[in-house]
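Here is my notebook from an afternoon of looking things up in one structure. Follow along with the model open and check each entry as you go.

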Amino acid sequence: MENVMVINEKDNVGISLSNRAAGEKIAAKVGGSMAEITLADDIPYAHKFALKDINRGEKIVKYGEIIGLASQAIKVGQWVHVHNVESIRARGDKK
Amino acid sequence: MNTQFMGYKRPDGRIGVRNLVALLSVMDNTNAVANRIASIVDGTIAITTPFGRTQIGFDHEMTLKTLAGIGQHPNVASVLVMSISLESANRMADMIRPSGKPVVVLGLQETGGTLELTAKGARIATDLVVKASELNREKLPFSDLTIAVECGGSDATSGIAGNPAMGLFADRFVDEGGTIILSEPAEFMGAEHLLAARAQNERDGRRIVEMVKWFEDEAKRHGVDMRGTNPTPDNMNGGLTTLEEKSLGAIAKGGSRPVVETIEYADSPTKRGLVIMNTPSAACESMTGLLGGGSQIILFSTGRGNAIGAPVSPTVKVTGNPNTAQAMVENIDVDVSAIITAGESRESAAARLWDEVVKIASGKLTRCEILREDQLSVSRWAPSV
């Protein structure tokens, strides 16, 4: 079992349903068709990886909805988490 | 699919899934006595608040309303109200009496010391338990219950397994004529447009957006990035990156039916269907509001593992995370992790959950009840003066 989940066709991130090491190749649905992705980072259980290259400032999409913005450029297969994604909402720190 | 359960009919026509004697301490002074009596009289439960003294205005009204709502709760057969004096105890008792159940009142200053109050209260509580035990369960429509959906200690599995399974349960329950309460609007943030679009009338749609904005403005007022607080550190370890992501997973537990009503903290729904209650996202405070509003059962989905339960209303712990199902086995009532590990359909998991909740409504104990994971905290809106 591949143990990779892509929730919505619009998503640019997938979910790894096992702990994975950098360099592993996985098959995931990208925009509705299967693609092979080589993981660039270790991906912990239930965490996200990029299904495609994402520019700095580009929207991160999961469930077909916006979950935040890329705070730096993200390459396909890289771990997508708090180090490279920021919230849009409730940003009292940004005046 | 079982559509009936064995429950208790109360004098006000509401129905209960438990038959507890509540030892309600109106303020801090009598909490220790309430807890002491609860530890020596089986069948009772202490309802306490660390506040209650010198509260003013709206904040005070909300504390009284919530505690009175818990006293009136249909899972409660009778109430012993205790306070520092009879004046405040009687005021609370008068708020509970419209429910028609037996209410007995004791004041600390009028009774003597706390040991005197303990002895007198314990004797009264014993009699109340004897009387409550004479009440019998009868066959009642499952869909006459109000069931709340909660989540806590969420991770990325919550949004793909635990919450969607609960959401399917919620849809079926609403279709049967039941009422589901979804709370914690701060955790709609980033997903509130989806809920607002499902509101049956425009006013409720606007209200959903307003509720979320209030919490968002609070974060802005404090000059903070909410991340680190919400999502919490354990949410983030579990793969949730932003509050928007957490919210999109969180609202799944309410299912997909139209929102028929929006209500405030500790209010009771007046309509059947999917209802939204305005509560803070700390589970304990939120569940206390749900108790005040009379929800007989709380379904609680967790990812990384959150053990908290409510008193009075059985709290049913559901997880979609196979690691948590193993690591916190004593705390989990329904394990739906097979959705992830074995390809179980969400429909099948929701059907298993349905059967389990009917059993729990009929008397099967939850892990929270057995382990006494029952915390209570009425929210505060202003400082005491």
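Entry 1: I picked B:L23 and listed what it touches, leaving out residues up to four places away in sequence. The list holds B:A34, B:I37, B:A38, B:T44, B:I45, B:A46, B:I47, B:L80, B:M82 and B:A125. A reminder to myself: this is a predicted model.

**Entry 2: the core.** Which residues have the most contacts inside the largest nonpolar core? I found B:L23 again, along with B:L24, B:L80, B:V81, B:M82 and B:A165. The core has 133 residues in total. Helix α6 of chain B, residues 158-175, gives the most to this core, with 9 residues. I also looked at the domains: at least three core residues come from each of domain 1 (20-132) and domain 2 (141-370) of chain B.

**Entry 3: a sheet in chain B.** Next I traced an open sheet of 4 strands, with the order β4-β3-β5-β6 and parallel pairing.

Then I zoomed in on one pair. Strand β3 of chain B (residues 20-25) joins β4(B) in the parallel sense over 4 bridges, and B:A22 has B:I45 as its bridge partner in β4(B). Two helices that pack on the sheet went into my sketch. Helix α1 of chain B (residues 31-40) touches β3, β4 and β5 of chain B, and its direction makes about 165° with that of β4(B). Helix α5 of chain B (residues 114-132) touches β3, β4, β5 and β6 of chain B, at about 170° to the direction of β5(B).

**Entry 4: over to chain A.** How many helices and strands does chain A have? I counted 0 helices and 9 strands. Its radius of gyration is 13 Å, close to the 12 Å that the globule rule gives for 95 residues, so chain A is as compact as a globular protein of that length. Of its 95 residues, 38% count as buried.

**Entry 5: a hairpin in chain A.** Strands β6 (residues 59-62) and β7 (residues 65-70) of chain A run antiparallel, joined by 4 bridges. A:K59 stands opposite A:L69. The hairpin has 2 residues between the strands, and A:Y63 takes a positive phi near 60°. Strand β7(A) also pairs with β9 of chain A (residues 85-86), antiparallel over 2 bridges, where A:A70 stands opposite A:V85.

Methods
Residues are numbered from 1 along each chain as its sequence is written. Chains are lettered from A and ligands numbered from 1 in the order in which they are written. This is a predicted model: local features need pLDDT of at least 70, side-chain atom pairs count only at pLDDT 80 or more; totals for chains, interfaces and linings use all residues. A nonpolar core is a set of buried Ala, Val, Leu, Ile, Met, Phe, Trp, Tyr and Cys residues joined through C-beta atoms within 7 Å. A residue is buried if 20 or more other C-beta atoms lie within 10 Å of its own, exposed if 12 or fewer, and partly exposed in between; C-beta atoms are placed from the backbone. Domain bounds come from an automatic or database domain assignment. Two residues are in contact if their C-beta atoms, placed from the backbone, lie within 7 Å. The radius of gyration is taken over C-alpha atoms; the globule rule is 2.2 Å times the number of residues to the power 0.38. Two strands pair if DSSP finds at least two bridges between them. Axes are lines fitted to C-alpha atoms, for helices over the stretch in contact, and angles run from 0 to 180 degrees between N-to-C directions.
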